[in-house]
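Welcome, and please open your viewer. We will go from one selection to the next and see what is there.

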Amino acid sequence: MKKLITCFLLCISQLIYAQNVKSLSQITVNQLYTGTLQSVLTQISKENSLKFSILDPEIGSIEIIERPANQSLEEFLNLLAKKKKLKWYVGEDGILYFKNASKNETLNIEQSTKNGLHEFPSRISGIVKDFQTGEALPFASVSVKGGKGTTTNVDGYFTLQNIPKGTKLLLVNYLGYKIREVSASQISSPNNVVLEIEPLSKQLDEVVVSTAKEELMKVSSDDQISTIKLSPAKLATLPNIGERDIFRGFQLMPGISGSNEASSGLYVRGGTPDQNLVLYDGFTIYHVDHLYGFFSAFNSNAIKDVQLYKGGFDARYGGRLSSVVQLTGKEGNAKNINVGGDVSLLSMNVFAEVPLGDKFSSLIAFRRSYTGGIYSKIFNKFNTSTQSNAQNQLQQGPGTRGGPGPGGLLGGNNRFADIQTIPKSYFYDLNAKFTYKPTTKDIISLSIFNGTDDLDNSTIISTPAALASRGITFDNTTNDKTNYGNLGSSLKWSHRYSDKLYSNTLISYSQYYSTRNRLSTINITRNNGTPIEIKSGFIQDNNLEDYSIRSDFEYKMNASNDVNFGLQLTHNKIKYDYTQNDTVKVLNRNNAGNLAAFYVQDNIKIGFLKITPGVRVNQFSVTNKVYVEPRLNLKLALLEGFNFVAAAGIYHQFAQRVEQEDILNGSSNFWLLPNGDNIPISSSKHFIAGLNYETKNYYFSVEGYYKSLSDITQYSLRVQARPTRGREGGGPPTPGGTTSTVLENFFIGSGSAKGVELMAQKKAGAYNGWVSYTLAQVLNNFDAFSTKDFPASQDVRNEFKMVHTYRWKKFDFSATWIYATGRPYTAPEGGYTISLPDGSTRSYNIVGAKNGKRLPDYHRFDIAAVYNFKLFKNLPSTLSLSTFNVYNRKNVWYKQFSIVDNQLVEVDVTNLGITPNLTLSVRLR
Amino acid sequence: MLNYFTEMKKSYIILTISFLATIMSCKKVEFDVTNLNKPTVDGIVFANQNPKIHLTLPIGYGDDATSQTTIDNAQVSMEIAGIKYILTSTGNGDYINDKVKLKAGQELNLTILYAGYTVTASTIVPTKPKNFQTSASQIQVITQQGGFGMGGGFNQTPATTISWDNDTQEYYALLTSNTEATPEPIAGGGGRGGEMNVPLAKRLSQPTQTNSQNLNQRQFSFYGKHDLILFKVNAEYTNLYNNRGQSSLNLTNPPTNITNGFGIFTAMNADTLKIQVVK
């Protein structure tokens, strides 16, 4: 622990050590400079430890011959600029930027005109867009330089009120984009301002030491507490296992578990992935992963913006206990056709953006895996583990008689049989979005998402030669098919009634489907021609449908009050079947329910205080009860850049995903509607408080949280096939001779999660990144498991993360390191035997305390290098080499147990070892 | 006014630090510990026999011991149909009362005092199976060459059916037991089991709620005379026998009807038929 704290402090001190840009007027230049502008600037930067960037590549080759005589560097650069028609300025990050003065100021959407304003009025409103593609940018920051600001809404619109008199400059800031200064003289129509900002270019000149801003992650201090924003475009610079994965990116953030390697799901502040509301263009996604949970289902090429609310989220969101992920899909390039694609060792990914006129834009992105090295490695990991798990029931002690012996169905002699496996597994996802802007006040968009996994590990055993020669044919098809996914769509109409009132109305449909087929069919044809068909195994089928309609309104009442209110109606239909032997439906659940929710909240700004009280009221038809959820967010500016933040709220969950006992069967989880009786409505309470300090280049925060959980459910389903005839010798059961017993248990309990998160981030510059440390505890209390509290399966006491990225010439380098305390597990601690009437004995294990032991600590180091270049001299491209788990740490995924000579033998099943990956990405623009 | 705000800001910082300190000052949480000092009851008793149980301590997997330690110093009593009887130790963990025999329908309440633990359990002696009968008195074995390892399942003799009354879907288990002094094994016969896959002279079926069962040659390892013993068993035995919940990934303790201990206390009642396995 001490080592960890020492390490953490060292890293903080390293981050605090910043580049100290000298005042240019204090630097004297007094020598001959000859060569290109590029070489001269390189020389000056070396002499004076400065950083600079040439924004227009053509000016880098301008010839310079100058001998300044005891001039300040500032004077010398002004002289150069005048002679060579250049512009230069010192950026927000202290870097000197040079550009071509003769070029039009492309970013100034509203050129300086005679009608340009002398200063900003007290209120302006408009939209923030991407300069290259014309896409509206959600949740961008627009602020008075050095003063207060606002953020754009989900459609990119903003209204900035209470602008101080005399304000001439505004700043527009968005993650992954250059900071833009907008002067009043560029604005002619303050109620319809269009601000375009430029994404950070990867095609940098070689002399560039740094760019204006290189943020990969932003911890929002503008808007809401415990919010993290990730730049999908910048994900490419991070190491990956095979895919640029948004959810894997979040796992590098403080408060989100990074040690659940086999799952891309988000364990946020002690919550489980199902307690996380995932909204994609306004509709709920119930299935968020691919390949047993290893990859998230979201294609980063189709995502424009991602926000994660780790807790204390406001009244606009509801229906989940822990957190919210809000994904906004790209509208597509509104100016030019663009196509592109990526190919990695895991999948191929293509997209197309097609605008039609200036009112319609579209984007279609498709990704599909192929059975390459990484896919097979992960697929086999799960299936080998599944098989070994099936075989690895705790072995019984000496003298024990198990079930059918090796003389059984697939006992010892099938070595004569021909066994074939059917490798036909893949995943795909499709994102499409069509946006139509009939007027400047209306946006209509249709968004479609479909992600599906088709996992097949079936086997066929055909007639062995010994039987074929006797005229008996035999084949045994054992299915092991899992098909699951999500289909969702939303149709949204956004309307701007005035610069004070904005609305979004949306109808959506979302379907989650999951089918697991483990049916085994044996066909035997005897030499007398009599066919026999025997079926065994099970089929699970879960289908959830969500029909929703919602309207959200934003009303900028005055400079101090922004009111949000809205209404949401959801109809859920959930079906779950468990069919034994293709014939007997042992479970057949059909539930439906309606949820109506209304919310209202006011963002109140009073001086240095911003407070957002709100309430969300839910009515759930199944229980016919009303659930009231008060919420409160608070931000207090204590000193310049120094804030106190706090939040509290009550949350309920009205659809629950229950986990099957076998953690390997990621797909066998299923969704159910609570009934208020043996499946109650879960609820949680959040309390959060913290301090943060932000400068131009750094961000520091400490945040504590406490979350109580009530009426949480764990589920157990055990189906026992009980042959009643003809099976005693281990031979095949006769048809119809099997009955099933279902033992279905819902265990109801409570829990709590608490923790403290520390973070230090360097936000800008060639080098940026962060270090974070989380101290946390998650406890559960289920009477069925223990009379006392016990650590939840996701309880991780200490978690430490480092993320470093560095840009050098055309390369982006990154390295991440994660350390986490091992997760808890339950192990057998003793055993006993019971004598049966035939004189044999059966052995049983005494299970130790629930989650009473810990896996070894988890740690992992990943690196990546990305080369940015232009294919065929024109196409922006990147080649990325990434290595996961560089030092091949054998992190333990789970334990298998066996008892040998009355001693417990634990076998570690490990996670992925060192895994390299190569990704090539090419874009038209 | 300025002082007021400064003080207010200070108070927020103090508030935050207090909140964080409260969270971080994790009080020691007491978790469950496994107690391997409680007795294990191996107590299957039979109608028309003396009550007899076997007491041991569970084996700890971290211990050096290779077998369970027997308990010979416990105080064991059994209330049978309302009358309390003492079971005395005969050594090796066994306790018996040879003065009383159990009868169908009796309620049994077991009490064990050991090392400060009071261990209790209850069961009821089931009634004897009714109308237990067989469709034939012998089963003929047809041997075949080059068996597939399917237990010779394709050339069986017609099944012999055994049946009994079971209108109320009670649980029954069948024991087949060879009674020959020197039994002759069936070449390639079924009925194997155990770790070494050896032919078994006795085989016990899993509990079933049906009222009949087919017998064929694959359920026998030896030729000769066999007893067919049909046990009527209780739910606690069925639950324990069928327990398959101890997978590596989600361990749960096996079901037990013992309070403050491990194991099982249950009663059975049986009827017996004879059958001959012939060549």
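How many residues lie between strand 52 and strand 53 of chain A in their hairpin, and which residue in the turn has a positive phi? Keep in mind on this tour that the model is predicted.

Select residues 858-871 and 875-884 of chain A, which are strands 52 and 53. The hairpin they form has 3 residues between the strands, and the turn holds A:Phe872, with a positive phi of about 50°. The two strands pair in the antiparallel sense over 9 bridges. To see one of the partners, pick A:Phe869 and look across to A:Ser877 in strand 53.

Next, bring in chain B. An open sheet of 3 strands runs in the order 50(A)-49(A)-3(B), with antiparallel pairing. Its edge strands are strand 50 (841-847) of chain A and strand 3 (59-60) of chain B, each pairing on one side only. Between strand 49 (828-835) and strand 50 of chain A you will find 7 bridges, and A:Gly830 stands opposite A:Ile846.

For the last stop, select A:Gly156, in the loop between strand 10 (149-151) and strand 11 (157-160) of chain A. Is this residue buried or exposed? A:Gly156 is buried, because 26 C-beta neighbours lie inside 10 Å and the cut-off is 20 or more. Beyond four places in sequence, its contacts include A:Ile127, A:Ala136 and A:Pro138. Finally, show A:Phe553, 397 residues away along the chain: its C-alpha atom is 15 Å from that of A:Gly156.

Notes:
Residues numbered from 1 in each chain as written. Chains lettered and ligands numbered in written order. Predicted model: local features only at pLDDT ≥ 70, side-chain atom pairs only at ≥ 80, totals over all residues. Pairing = 2+ DSSP bridges. Helix = DSSP H or I, 4+ residues; strand = E, 2+ residues; numbered from the N terminus. Buried ≥ 20, exposed ≤ 12 C-beta atoms within 10 Å, placed from the backbone. Contact = placed C-beta atoms within 7 Å.
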